[in-house]
Amino acid sequence: MKAIRISEFGLPKVMELTEIDRPVPKSDEILVKVYASGVNPVDLVVRAGSNAALSYNLNLPMTLGWDTAGVIEELGEKVTGFQKGDAVYGVPNFPGEGSYAEYVAAKASRFALKPYNICFNDAAGVPLAALTAWTAMFEFGKLKMGQRILIQGASGSVGGFAVQFAKSIEAYVIGTASADSFDYLRQIGADELIDYKTQKFEDLVKKVDVVLEVSSVRDNNEREKSVQVLKNNGILVSVNTDFPFNEEVIHALDKKNCRGELSANQARKEWLEEIGKLIESGKVKVPQGKIFVLHEAVEAHSLIENKSVNGKLILQVREQDQ
Ligand SMILES: NC(=O)c1ccc[n+]([C@@H]2O[C@H](COP(=O)([O-])OP(=O)(O)OC[C@H]3O[C@@H](n4cnc5c(N)ncnc54)[C@H](OP(=O)(O)O)[C@@H]3O)[C@@H](O)[C@H]2O)c1
């Protein structure tokens, strides 16, 4: 089968279209015939080898890609709840062999049935970003109906899902983003918007229950400001797990009896099913990504790195016949 692999860390050009054996699923795995694979910031980090802790655990050569939509081709003998031919979406075993490939074998527990009302290309942009938002907001942020949440980076792939999930439980959503994204954010239900380029959220926001940092910013001074806008006993959740809270942030949190959490996404079938129901009911809209074909992975990564593209990029692996 064809796969985009790296045998060394580095610039986008280290990704090569290679012919390798089709993987064989283990007893708890499914073999997915990949239709499309989402491209996420972490793919670029893995490819570049820029996170030492992550790179240390990786065996090269390897296939990138941890956002998948496709059809089940084979099931391991212990897998239940799926059958051959099911259309599924999910996150293959991170940070192992990924889905920039014609097939991927991965744990069945990290997949669910694809929402019927979206195509494979759109579905491939959902799992990683949506699970990142879900884990951070509900598992770590404990967001509840009627609470107030500040979502920093509301216009991003993770942020867009976070806004919609928070609205689905009738929370009050304040989002930070650049003004270009305000129309989109109003359409998906944000209650208040702050342009991070011209406004200071710390002057405009008070007493939120949860601050959710899903922007690309890594800055502990900004986090200290986030603590200022929390209620006592509030929760600051960041998905930027590669950038720990410093002493000042921890001290600021302690002074207000607040909690700080670094949230890594958890790929759980039951959450993907909940997310699927929200998509099927129309409560959550999936943004359309920019489509590249598999062998254009180098171009896709380069565009993201040069910041010459907005929104989600998708690598289409097969024609969308379903
Ligand atoms: N922990 C995990 O499991 C996990 C999983 C996936 C992603 N992540 C992390 O989550 C973050 C977001 O990922 P993504 O895929 O959503 O990226 P993305 O689509 O590139 O979104 C990043 C967003 O950050 C916003 N932003 C930039 N500077 C900002 C600022 N000063 N204040 C507020 N917002 C700002 C941008 O807004 P504008 O476009 O409006 O300027 C952009 O929409 C990344 O840092 C990524 O590494 C973590």
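This is a predicted model: local features need pLDDT of at least 70, side-chain atom pairs count only at pLDDT 80 or more; totals for chains, interfaces and linings use all residues.
Local features need pLDDT of at least 70, side-chain atom pairs count only at pLDDT 80 or more, totals for chains, interfaces and linings use all residues, and side-chain values use heavy atoms, with hydrogens and water left out.

**Exercise 1. Find the domains and describe how they meet.**

Step 1: The protein chain is divided into domain 1 (2-126 + 287-316) and domain 2 (129-262); such bounds come from an automatic or database domain assignment.
Step 2: Between the C-alpha centres of domain 1 and domain 2 there are 28 Å.
Step 3: To their contact (heavy atoms within 4.5 Å), domain 1 gives six residues and domain 2 gives seven residues.

**Exercise 2. Explore the largest nonpolar core.**

Step 1: Recall that a nonpolar core is a set of buried Ala, Val, Leu, Ile, Met, Phe, Trp, Tyr and Cys residues joined through side-chain atoms within 4.5 Å, where buried means under 20% relative accessible area with a 1.4 Å probe, protein chains only.
Step 2: The largest core has 88 residues, and Val126, Met137, Ile149, Ile151, Phe165, Leu212 and Ile275 touch the most other members.
Step 3: Helix H4 (residues 127-140) gives this core its largest share, ten residues; a helix is a DSSP run of H or I with at least four residues, numbered from the N terminus.
Step 4: Now look at Leu212: beyond its neighbours within four places in sequence, its contacts include Met137, Ile149 and Ile151.
Step 5: As background, nonpolar side chains tend to be buried together in soluble globular proteins.

**Exercise 3. Decide whether Asn121 is buried or exposed, and list its contacts.**

Step 1: Locate Asn121 in helix H3 (residues 120-123).
Step 2: Asn121 counts as buried because its relative accessibility is 8%.
Step 3: Setting aside neighbours within four places in sequence, Asn121 is in contact with Ala36, Ile291, Ile314, Gln316 and Gln320.

**Exercise 4. Describe the largest cavity.**

Step 1: On a 1 Å grid over the protein atoms alone, a cavity is a set of points where a 1.4 Å probe fits but cannot get out, and its lining residues have an atom within 4 Å of a point.
Step 2: The largest cavity holds about 40 Å³ of space, a volume being the space filled by probe spheres set on the points, which are joined across faces, edges and corners.
Step 3: Gly125, Ser157, Phe161, Val286, Pro287 and Lys312 form its lining.

Definitions and conventions:
Residues are numbered from 1 along each chain as its sequence is written. Helices (H or I, at least four residues) and strands (E, at least two) are DSSP runs, numbered from the N terminus. Buried means under 20% relative accessible area, exposed over 50%, partly exposed in between (1.4 Å probe, protein chains only). On a 1 Å grid over the protein atoms alone, a cavity is a set of points where a 1.4 Å probe fits but cannot get out, and a pocket is an open set with protein on both sides within 12 Å along at least five of seven lines; lining residues have an atom within 4 Å of a point.
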